[in-house]
Every structure is written in structure tokens, then in C-alpha cells.
Amino acid sequence: MLSVRDIANRELLDLVPYEPGKPVDDVARELGLDPGAIIKLASNENPLGPSPRAVEAMREALPKAHFYPDGGGFHLRNAIAQHFGLARENVVLGNGSNEIIELLFHTFTRPGIHEIVSARNAFAVYALMAQLFGVRVIEVPDADFTPDLPAMLRAITPQTRLIFLASPNNPTGTRVTNAALDEFLRALPSHVVAVLDEAYYEFLDDAPDTVARVRAGERVVLMRTFSKIQGLAGLRIGYGLASAEIADLLQRARQPFNANSIAQAGAIAGLADVEHQQRTKAITDEGRALLETSFAQMGLRYVPSAANFVLVHVGDGGEVFQRLMKKGIIVRSMVSYRLPEYIRVSVGTPEQNARFLAELPAALEGLVAFTRPGSAPIPRPLESALQEPEPAPGYAANSNPFTITRAITAYSPSASLAETQPLQPITPPDPGPTPEPPAEPAPDSHPAPEPYTPEPAPAPQPSPEPVQLSS
Ligand SMILES: Cc1ncc(COP(=O)(O)O)c(C=O)c1O
């Protein structure tokens, strides 16, 4: 008899679930701690909480919770459109912006045929979703943690349909410059949709006017969210902004009631609460500066961030995560992002930041990363992170010169936090239809692909001073 695994979707069997930040209640239960004494700096949430105006609007919406929500999201889409000088037809609501990622795969990819391109250290959900959809991921090395846009362009093949770029990116916190973004978008061939993940857009100084590109009908999809600057992560509400033509396609792929009525009410009020957003940006800027300065003073390397979190090298991220958790401080281990030497810490309130910084030295004791300024050399960064997995079996013949993988390492939910699962190789698709030729004629504005020669691994070098990973 066939097992259920035999009849299940093969892509799903290989999937390692996304590892979210550990919830406060879980930590309290597991360690017997008082939930009120625990601080969570693990999911880039808003330390000020939700906008009070959003809370009020949600309270008012509650008595009507027996009605299905407005599936068309008329009022919220109108409010968003008005906010950005767009039309309602340019706005697609999602159950978090994560759902917009899913809608993009439904709309533009076919299993075993199409590919997506992203940076190696990009947000994990692109690759997870690709695996679920049976779509290959071309990961382009980003050795300094900033997406290498020319290399991403060169990685595009006739099968590429989506290219993902988060700016600021999670987990690195890095952004691309406005000039680099302009050049990148100008060079994109017409068979590829640019997905600009702008979950942390509102934290940027000198943010690019990407909405103007939507207004101009360019082939871009902007993904934005109410989870971060608005402090409404628990509602699961995000949106995509795109040309009416693209938005119409995305709309066809969604569930009829994907944005619930409480979330729609809260989001409308949150969007209008400019003061709450400004306070959030101010507290974030201040807290991030404190974290970065303190890391530098401790002799820790960190990735300068443009978002509401910082990626910092601690030598053994899993161990530091555990030690801090025992003290009631939840940060994010980066093992599932294949950056086991790092933790990512979200900017909290001034009190939370101070408590984290006070506990950090003890959590680092005995680990290689913790070297007081001017003391022992710090190893070169990223050596372990840049170990490229073997090209997946079955794809070796692919002419694309980049490493092709959708491998994700993650803790298995039941495994001890000291263990990781091995890299999951890509499972080759079922021998099915032969790849389609590109829907569009060969890209004209795209530079001819050049063979990619990987950089030789940097030789370990002593570094007497704390090093910032990028500027
Ligand atoms: C870069 C990036 N994109 C998208 C999301 C998804 O956010 P949400 O689904 O809460 O809107 C996140 C969440 O952390 C993120 O970091």
C-alpha cells in the first residue's frame, strides 16, 4: 500500500518549514519564565506596539465580525491608492506581504519550467515558496551582504520570470542605492517581473520613488506591509502595488477573503496615523545607532543596517541565542539563513535595547567573536557562510553559471537548537513538459550573459580592529 508520503506533493516533502522568531509564550512555557519579563527582539516588530488609532478602529469593527470581510477590500485599497496617488486597480491586498509572494508564483511561474533570481542572503520566503511551487531558484552570491545587481542581471535566463530584491533586505539590513536600482530596472528584460520587497521601506532615509514606476506602468511589483512601521504584524495584512494589468492577474490568484475585516479596519486607521509612524522611525533610528555603536565598542562585526534590526557576528549564533533566551531575551539565530555565526536583533525600546546590551557580553563569553577592541584578532567574516552547496543533481547541465539551489537549512522544530539539518538539495522536477521558450522575444536591453567565475575564497587574515562588514 502506498504511504501518504508516497502520494503527497514531492516538493512539500523536501520542504523545511520557515523558522519564525520564537514567541514569548513558548519561551515562558519552556523555561518557566514570567512572560512579562521576556523581551522579544526576534521578528523585527514594532517596539511601540500598534497605532492606537488602529486599535480603536479594530475595536469598532469587532461587532461586525460575523459578516465576511469585503473580499474586494474596497475601502482599504482606496485608502492605500489615495495615499500613494495611485488607483484602486493598482493595489492588491495580501494576508501579510508574504501572501503577495505566493500570488506572484501563482501568476508568473510554472513548476519545473520557470526560475526566479534572488540574492543568496535574501529573505527566506522567496526560496521556500519557489520550492513549494517546483520553481528553481538562482541564488546570486552577495559576498558583502549587499545584492550584486549586475550579477543578478547576468543570472537571468529565458526561464526566469521573477527577480526578487528586498531593500532593505532581511536578514542583512542592507539596501541598494537609488542609482543602482535605477540601472538595474532599466536593464531588466521584458520576460522578467521585478519584485521590489519594500517591507522596511518606511525606515529608509532617501527612499527611492518606486511608486512612480507603478504609476508609469513599469513591470514592477512593490510589496509593502502593515507589519513593521505600522506595528500590525499580528493582523497579517500587506499589499502589492503594480500596474493595473499585473494587479488584475494577481487578484485572480488570491482566495476570495484573504484579508480579514478586522485587519482591513486596523490598516486603514494605521495608514492615516502618520504620527505613530514618525515616532516608530525615530525610536528605530536611535536604537539602531545605539546597537551598532555598542557592537563596535565590543569588538563585534555587524552589517550596517537601513532597517529596524541589525545582523551581528557573534561566532556561534545558536549558542548566543540560547544563552540570551535563558535570560528572557529572544533574538534570532541565523542558522536557518545559513549564517550560523550570526544573530539578528530587532531594535526595541530604549529599555529593551539596554537590557539586551547589558546581557550580551556574558552571552558571548568564551566565543570566538567576542574580542575586546585591540585584543585578539577577529577571524575573517563569512567563511562558513560562503560555502556554496553543490549544484543540485539534475540541474548540472543547466547552462546558467550561477549556483542553483533552493537549499535552506533550518532547525527542525523538534530538534535541539544545537543541531541543524543538512542542506536539502533541489529535487529535480518530474520529467514533464520540456521547457517553454520565453514568452517574449530575446531580451534586448539585457547585457549578454557572461560566464561567472566565482571569487576565490578569501584567505584568513588577522584583523586587529573591529571590522564593519560593509558601509
Ligand atoms: C523582507 C521581508 N519581506 C516580507 C516580509 C513579510 O512580512 P508580512 O508577511 O508580515 O507582511 C518580511 C517579514 O519579516 C520581510 O522581512
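Start by selecting Ile7. Its relative accessibility is 61%, so Ile7 counts as exposed, since exposed means over 50%. Keep in mind that this is a predicted model.

Now colour helix H1, residues 4-7; Ile7 sits in this helix. Together with Ile7, they make a nonpolar surface patch of about 350 Å².

**Next stop: the ligand**

Which residues surround the ligand? Select Gly96, Ser97, Asn98, Phe123, Asn170 and Asp197, then Ala199, Tyr200, Thr225, Ser227, Lys228 and Arg236. Show their side chains.

- Asn98: a backbone N or O atom lies 3.0 Å from a ligand oxygen.
- Asn170: a side-chain N or O atom is 2.7 Å from an oxygen of the ligand.
- Arg236: here too a side-chain N or O atom is found, 2.7 Å from a ligand oxygen.

How much of the ligand does the protein bury? Taken alone, the ligand exposes 400 Å², and the protein buries 94% of that.

**Last stop: strand E6**

Stay with Asp197, one of the residues around the ligand. Select strand E6, residues 193-197. Is E6 mostly covered or mostly open? It is mostly covered: five of its five residues are buried.

Look at the strand's two faces. In a regular strand, side chains alternate between the two faces of the sheet. On one side of E6 are Val193, Val195 and Asp197; on the other are Ala194 and Leu196. Both faces are covered.

Pick out Phe164: it stands opposite Val195 in E6.

Technical notes. Residues are numbered from 1 along each chain as its sequence is written. This is a predicted model: local features need pLDDT of at least 70, side-chain atom pairs count only at pLDDT 80 or more; totals for chains, interfaces and linings use all residues. Side-chain values use heavy atoms; hydrogens and water are left out. Patches are made of residues with over 30% relative accessible area and no salt bridge: like charges are joined within 9 Å, nonpolar side chains (Val, Leu, Ile, Met, Phe, Trp, Tyr) within 5 Å. Accessible areas come from the Shrake-Rupley method with a 1.4 Å probe; for residues, only the protein chains shown count as cover. A salt bridge is a side-chain nitrogen of Lys or Arg within 4 Å of a carboxyl oxygen of Asp or Glu. Helices (H or I, at least four residues) and strands (E, at least two) are DSSP runs, numbered from the N terminus. Buried means under 20% relative accessible area, exposed over 50%, partly exposed in between (1.4 Å probe, protein chains only). A residue is near a molecule or strand if one of its heavy atoms lies within 4 Å of it. A polar contact is a pair of N or O atoms within 3.5 Å; within protein, one must be able to donate a hydrogen and the other to accept it, and residues adjacent in sequence count only if both atoms are side-chain atoms. Two strands pair if DSSP finds at least two bridges between them.
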